[in-house]
Amino acid sequence: MGEIMQRKKTSSVCIGNVQIGNAAPIAVQSMTNTKTDNVEATVDQIKQLSAAGCDIVRVAVPDMSAAQAIKQIKAHKDVNVPLIADIHFDYRLALAAMESGVDGLRINPGNMGDTEQVAMIVEKAKQRHIPIRIGVNAGSLDKEILAKYGGHPTPAGMVESALQHIAILENLGFHDIKISLKANDVPMTIQAYQLMSETVKYPLHLGITEAGTIKSGIIKSAVGIGALLAQGIGDTIRVSLTGDPVEEVRAANEILKALGLKEYGPTLVSCPTCGRCNIDLAAIAVQVEEKLKTFHKPLKVAVMGCVVNGPGEAREADIGIAGGKGQGLVFRKGEIIQTVTEDQLLPVLFAEIDKLIEEEQ
Ligand code: SF4
């Protein structure tokens, strides 16, 4: 596995039992899109997110009923991941969410009420060791900051906004902080996080906000989050997609896997095909990918179009196949172990994968 450059040192916070920052493994987050007070639906989605590899789940708390529902959600026997309450404007919701046992808050203290009300949140968060994420969004910078930076969001404006919120918490003696600076513009997001990481020691929550639907959103998120992680910046990530949040979790884990920051199930290596390929490799690769979804081990499987370069190109794979004319090869670690007819390539590969997994148990 390739190695990423050294991660930047930060302070750390604990969301429930998940440490973030100070070189802890990069945690994957997602957010439910159910009505939080629909406890059954929310618990069901939290279970799906957790099974897909989500370390922390955020829930929207738009009203008191949602804040109170957190108590039942937290108490559910199948909910084992820490929960964060996402709250805007109403300090009473933050107090109620903490009383319901939430593990983290996502609030912007400058928008939560007057100084006394923010102090009440901070006091309770201190007592309960509940960290606060300050989440600056380029789309909702306040008028003074926008005016200062030419009327448009800029990386410096986003950082300045975060620093104002940070100052409110620090002045109340609160330092259990993490920060996000999200924009839907990838270069702006990257620059904002770079600037922030040079400015403060708090752990950073990475994300490209409103990134789009599954396909375009994954590309934007992978580029933005990946570029930052490759510079050692970022302590927890969320991929934001318009769609099933389980896809967010898969994408986030795949980003970490691609950078060598996490082992996350099997990896499919498949060639792009060229004029040497004589089998329907695309269809085979899709079927292999489906099969691999049923495994959790970090197995590397290669699906190559031809015998000329296939096994050699995929030497690092644990197991694989290479197509030929009417037949193909099955290989392990670059060594050919069987020659089979084309129609037997997939069944033999699947049998060999099962064997390999059994051997490793
Ligand atoms: Fe072409 Fe063979 Fe390489 Fe696939 S493995 S790209 S078919 S040379």
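Me: How do you know that Lys 291 lies over the face of Phe 350?
Reply: Lys 291 is placed 5.1 Å from the ring centre of Phe 350. A charge sits over a ring if NZ of Lys or CZ of Arg is within 6 Å of the ring centre and within 35 degrees of the ring normal, so Lys 291 qualifies. This is a predicted model, where local features need pLDDT of at least 70, side-chain atom pairs count only at pLDDT 80 or more, and totals for chains, interfaces and linings use all residues. Residues are numbered from 1 along each chain as its sequence is written, and side-chain values use heavy atoms, without hydrogens and water.

Me: What makes the largest pocket a pocket, and how much space lies in it?
Reply: On a 1 Å grid over the protein atoms alone, a pocket is an open set of points with protein on both sides within 12 Å along at least five of seven lines. About 640 Å³ of space lies in the largest one. Lining residues have an atom within 4 Å of a point; of the 19 here, the closest to the centre are Arg 250, Glu 254, Tyr 264, Pro 266 and Lys 293. Helix α9 (245–258) is among the elements supplying at least two lining residues, and α9 gives the most, with 5.

Me: Why is the largest pocket said to lie between domain 1 and domain 2?
Reply: Domain 1 (12–258) and domain 2 (267–360) both give residues to its lining, so the pocket lies between them. Their bounds come from an automatic or database domain assignment. The domain centres, taken over C-alpha atoms, are 40 Å apart.

How values were computed
On a 1 Å grid over the protein atoms alone, a cavity is a set of points where a 1.4 Å probe fits but cannot get out, and a pocket is an open set with protein on both sides within 12 Å along at least five of seven lines; lining residues have an atom within 4 Å of a point. Grid points are joined across faces, edges and corners, and a volume is the space filled by probe spheres set on the points. Helices (H or I, at least four residues) and strands (E, at least two) are DSSP runs, numbered from the N terminus.
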